[in-house]
Every structure is written in C-alpha cells, then in structure tokens.
Amino acid sequence: MGQELLEHARRVVAPGAQMLSAAEYRWLACRLTEALTDALRVAESRDSASRTRKSGRPAMPDATSIEAPACRRYRFREYHVTTVVDPMALPAFEAVCVTGEDHGCGTTSGEVHTEDGLTRWIAEHCAQTGHDFYQRTTRTTRTTLGAEPGAWQ
C-alpha cells in the first residue's frame with residue numbers, strides 16, 4: 001500500500017500534472033503521514049532490536065532524548081479468544097421479582113439448577129409477599145473462554 005501511495009504522490013507532483021482540490025491534497029498528505037509514521041515505527045523497532053541483540057540488554061536512551069519532550073508510543077496486542085462449552089455443566093435458572101409500580105421488589109432466587117426448584121422459590125416468595133410478577137433467566141450451557149496472546153501491533 002505504501003508503494004502505491006508513493007507512486008500516486010509522484011504522479012500528483014510531477015511537472016504538468018493536473019491540479020487537485022485542497023481536499024484531495026489534504027487526503028494525500030494524511031495518507032503519506034500515516035505511511036511515514038508506520039515506516040518510522042518499523043525502523044525504530046528494528047534499531048532497538050538490533051541494539052538489544054548486540055549488547056544483550058535493552059538500549060538506553062541518550063541524554064538528549066531524556067530532556068526532550070517524550071513522544072509516547074503505544075503498542076497493542078491482539079488476543080485470540082476461543083470458546084469451550086462444558087458438556088457436564090448443569091443448566092442454571094434464576095428469577096427476579098419485578099412486582100411493583102415504581103420499581104420492582106428486586107428479590108432474586110439466586111442460581112437454581114432445576115425448574116422445580118425455581119418454581120418452589122417463586123411460590124414461597126409469592127406466599128410471603130403476595131408478589132406475582134417475576135422475570136426468569138435461563139442459562140443452559142456453561143462456556144469457558146480462553147485468551148491466547150497474538151502478535152504485538
């Protein structure tokens with residue numbers, strides 16, 4: 001992409017080339033700036049890596065770079081997330097009492113592993129409070145997520 005961008009820029013600034021609008025020149029300047037930033041980041045990374053290989057330890061910054069305002073660079077790492085379903089997991093049910101005009105009661109059953117257990121909790125709560133509206137959540141599988149670190153960006 002950088003090579004294509006450079007060829008386009010050379011055509012734009014060549015003698016006799018058709019003039020572009022200010023927006024088109026700005027677009028080109030922005031893309032060239034991005035490409036140069038990427039190239040400098042790669043060069044800096046390679047330089048730092050070669051100094052590390054030669055000395056066996058990370059390169060120390062010189063005094064001028066310490067006194068100058070620091071330019072922070074952030075690197076991000078992608079993670080590949082995999083999902084593994086646990087076939088032995090029990091289903092989970094939970095109910096929340098939502099009876100009330102302004103706001104629901106909010107009492108929850110907690111995690112129950114059978115529908116009969118959930119029905120029993122609702123019946124007991126209804127008998128104690130007279131509340132008759134509930135919201136049920138059902139989770140039938142349990143999954144484990146694994147995160148594997150990928151390359152630095």
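## The aromatic pair

There's one aromatic pair in this predicted model, counting rings of Phe, Tyr and Trp (its six-membered ring) whose centres lie within 6.5 Å. The partners are Trp 121 and Tyr 134: their ring centres sit 6.0 Å apart with the planes at 80°, so this one is edge-to-face. For the angle classes, planes under 30 degrees apart are called stacked, over 60 edge-to-face, and the rest tilted.

The pair links distant parts of the chain, with Trp 121 in helix 4 and Tyr 134 in strand 3, 13 residues apart. Helices here are DSSP runs (H or I, at least four residues), strands likewise (E, at least two), and both are numbered from the N terminus. Trp 121 counts as buried because its relative accessibility is 18%; the cut-offs are under 20% relative accessible area for buried, over 50% for exposed, and partly exposed in between (1.4 Å probe, protein chains only).

Now for the charged side chains. The model has four salt bridges, taking a salt bridge as a side-chain nitrogen of Lys or Arg within 4 Å of a carboxyl oxygen of Asp or Glu. In one of them, Arg 31 pairs up with Glu 34, and their closest N and O atoms are 3.0 Å apart. Both residues belong to helix 2 (residues 22–55), three residues apart, which is about one turn of the helix. Glu 34 is partly exposed at 42% relative accessibility, and Arg 31 is partly exposed at 22%.

Asp 38 and Arg 41 also meet through their side chains, with an N to O distance of 3.2 Å. About one helical turn separates Arg 41 and Asp 38, because they're three residues apart in helix 2. Arg 41 comes out as partly exposed at 40% relative accessibility, and Asp 38 is partly exposed with a relative accessible area of 38%.

## A bridge between strand 3 and a loop

Arg 139 and Glu 111 form a salt bridge too, the closest N and O atoms being 3.1 Å apart. Arg 139 is in strand 3 (residues 134–139), while Glu 111 is in the loop between strand 2 (92–97) and helix 4 (115–129), so the pair ties together parts that are 28 residues apart in sequence. Arg 139 has a relative accessible area of 36%, so it's partly exposed; Glu 111, at 44% relative accessibility, is partly exposed.

## How to read the numbers

Residues are numbered from 1 along each chain as its sequence is written, and side-chain values use heavy atoms, leaving out hydrogens and water. As this is a predicted model, local features need pLDDT of at least 70 and side-chain atom pairs count only at pLDDT 80 or more, while totals for chains, interfaces and linings use all residues.
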